[in-house]
Amino acid sequence: MLRSKVLTSALTAALGVGLAASLGASPAVATSDDRAVSPVNATVAYAGSAAEAKANQAFFDAVVKSVAKKRAAAPGAAAVTVVYSASNAPSFRTQIARSTQIWNSSVVNVRLVEGSNPDFRYYEGNDSRGSYASTDGHGGGYIFLDYRQNQQYDSTRVTAHETGHVLGLPDRYSGPCSELMSGGGPGTSCRNAQPNAQERARVDQLWRYGLASAFKN
């Protein structure tokens, strides 16, 4: 839901709300003191771009390839399991758990599970660009949850939205509040954290056919 960044070299794609340039290989994790003084008097602007759409696809492709490698021994399983770690985002454990529950009850072809050897990780901290999802281009990635943005917007919606990117969905800022991937477009009063029917169907379609494609590569 929040600003995405395009990283050079080590990080090849980043997504969220808006697009900015940055260098680095991992998020800067803030302390609880950082969170306490985080400003809340400015909202994050929303803007889309062709580059961001490309970054969305790159992140999804990286996660799919990571999962495909681990499932090569059992390609016929009914649902794909995507493993995540929330150990680096302790302040958002409730929102992450709720987001996981929302997605697991909404789709049938992919399941999110917390565990070791994760396909992606959650981090927390302060970042002027807001929250975003990012990949290193080598099958790994993370979701960064920004303190300020999670104070301005419904935190479960932010987390579920960013997790939607992991599952392959792009931003649609012009959509209504009922559309999870509309992100911050409907404003800070929007509290919907549930994907709509079209979003659920798209994720199921992507994980039904996307994984099969990854096995061929």
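Trainee: How many aromatic pairs does the structure hold?

Mentor: This is a predicted model, in which local features need pLDDT of at least 70, side-chain atom pairs count only at pLDDT 80 or more, and totals for chains, interfaces and linings use all residues. Residues are numbered from 1 along each chain as its sequence is written, and side-chain values use heavy atoms, with hydrogens and water left out. Rings of Phe, Tyr and Trp (its six-membered ring) pair if their centres lie within 6.5 Å, with planes under 30 degrees apart counted as stacked, over 60 as edge-to-face and the rest as tilted. The number of aromatic pairs in the structure is seven.

Trainee: Is the aromatic pair of Phe92 and Tyr147 stacked or edge-to-face?

Mentor: The ring centres of Phe92 and Tyr147 are 6.1 Å apart. Their planes make an angle of 20 degrees, and the pair is stacked.

Trainee: Is Phe92 buried or exposed?

Mentor: Buried means under 20% relative accessible area, exposed over 50%, and partly exposed in between (1.4 Å probe, protein chains only). Because the relative accessibility of Phe92 is 0%, this residue counts as buried.

Trainee: Which residue forms a disulfide with Cys177?

Mentor: A disulfide is a pair of cysteine sulfur atoms within 2.5 Å, and a search of the whole structure finds one. The sulfur atoms in question lie 2.0 Å apart, and the partner of Cys177 is Cys190.

Trainee: Is Cys190 buried or exposed?

Mentor: Cys177 has a relative accessible area of 27% and is therefore partly exposed. For Cys190 the relative accessibility is 4%, so Cys190 counts as buried.
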